[in-house]
Amino acid sequence: MESILKLLGKNGRLTPEQLADILGRETAAVAADIKKLENDNIILGYKAIIDWERSESEVVTALIEVKVTPQRGEGFELIADRICKFDEVESLYLMSGGYDFSVLLAGRTMREVALFVALKLAPIEGVSGTATHFILKKYKDGGVLFANDPEEQERAYLV
């Protein structure tokens with residue numbers, strides 16, 4: 001099943017038939033494996049990776065380092081649960097090193113992101129500090145290369 005996960009991780013649009021051809025297996029067996037992976041919450045969803053710079057939408061992405069004081073008896077979980085509830089938060093990771101959480105979020109403007117940090121994230125009980133880093137350009141995301149040439153993009157995606 002690991003091979004199915006790796007292939008779907010690179011291209012979530014592969015059909016069970018295509019996966020079966022690649023893996024040299026029966027389509028029904030591959031489809032059953034995918035269903036099991038979904039039912040076991042190993043595959044949590046399928047998502048498109050979007051190059052927002054090419055779209056007409058304005059999107060600002062930021063990586064926010066968050067330092068916290070873990071809650072007694074709850075550790076980091078209580079704070080993580082509160083942060084995850086915000087729609088703006090795309091990803092949240094517990095980190096080792098100089099800060100505790102890494103928050104990836106998207107907004108329409110830098111001001112919107114700054115207000116989120118100031119009014120929603122920083123006031124959470126247990127948050128002792130934040131540092132916001134705006135992502136200026138994406139070169140690769142989710143294993144997908146952001147190429148300037150559409151044909152190069154397609155070739156990079158198939159690798």
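A: Let's start with a rule we will need soon: two strands pair if DSSP finds at least two bridges between them. Helices (H or I, at least four residues) and strands (E, at least two) are themselves DSSP runs, numbered from the N terminus. The structure above is a predicted model, in which local features need pLDDT of at least 70, side-chain atom pairs count only at pLDDT 80 or more, and totals for chains, interfaces and linings use all residues. Residues are numbered from 1 along each chain as its sequence is written, and side-chain values use heavy atoms, with hydrogens and water left out.

Q: In what order do the four strands form the sheet?
A: Reading across the open sheet, the order is β2-β3-β1-β4, with antiparallel pairing. The edge strands, each pairing on one side only, are β2 (89–94) and β4 (127–135). From one strand to the next, the twist averages 20 degrees. Angles here run from 0 to 180 degrees between N-to-C directions, and axes are lines fitted to C-alpha atoms, for helices over the stretch in contact.

Q: How many bridges do β1 and β4 pair over?
A: Strand β1 (residues 60–68) pairs with β4 over eight bridges, in the antiparallel sense. Two places to look: isoleucine 64 is opposite threonine 132 in β4, and valine 68 has valine 127 of β4 as its bridge partner. With β3, strand β1 makes seven bridges, again antiparallel. There, glutamate 65 stands opposite serine 102 of β3.

Q: And what do β2 and β3 form?
A: These strands form a hairpin with six residues between them. Five bridges join the antiparallel β2 and β3; serine 91, for example, is partnered by leucine 104 in β3. In the turn, glycine 97 has a positive phi of about 110 degrees.

Q: What is valine 59 in contact with, leaving aside its neighbours within four places in sequence?
A: Contact means heavy atoms within 4.5 Å. With those neighbours set aside, valine 59 touches Trp52, Ala106 and Gly107. Valine 59 also lies in the loop between α3 and β1, and its relative accessible area of 30% makes it partly exposed.

Q: At what angle do the axes of α1 and α3 cross?
A: Two packed helices are described by the angle between their axes and the distance between the axes. The axes of α1 and helix α3 (residues 27–39) cross at roughly 80 degrees and come within 11 Å. That makes α1 roughly perpendicular to α3, the word for 65 to 115 degrees; under 35 counts as roughly parallel, over 145 as roughly antiparallel, and the rest as oblique. On the α1 side, Ile4, Leu5 and Leu8 meet Val30, Asp33, Ile34 and Leu37 of α3. The residues of this contact divide into six nonpolar, no polar and one charged. For that count, Ala, Val, Leu, Ile, Met, Phe, Trp, Tyr, Cys and Pro are nonpolar, Asp, Glu, Lys and Arg are charged, and the others, Gly among them, are polar.

Q: How many salt bridges does a search of the whole structure find?
A: Side chains of opposite charge can pair when their charged atoms come close. A salt bridge is a side-chain nitrogen of Lys or Arg within 4 Å of a carboxyl oxygen of Asp or Glu, and the whole structure has six. One of them joins glutamate 2 and lysine 6 (3.1 Å, N to O). Glutamate 2 and lysine 6 are four residues apart in helix α1 (residues 2–10), so about one helical turn separates them. Both glutamate 2 and lysine 6 are exposed.

Q: Is aspartate 33 buried or exposed?
A: Aspartate 33 counts as buried, because its relative accessibility is 16%. Its side chain meets arginine 25 in a salt bridge (2.7 Å, N to O), and arginine 25, at 33% relative accessibility, is partly exposed. Another salt bridge links lysine 36 and aspartate 40 (2.6 Å, N to O). Lysine 36 is partly exposed at 41% relative accessibility, and aspartate 40 is partly exposed at 40%.

Conventions. Buried means under 20% relative accessible area, exposed over 50%, partly exposed in between (1.4 Å probe, protein chains only).
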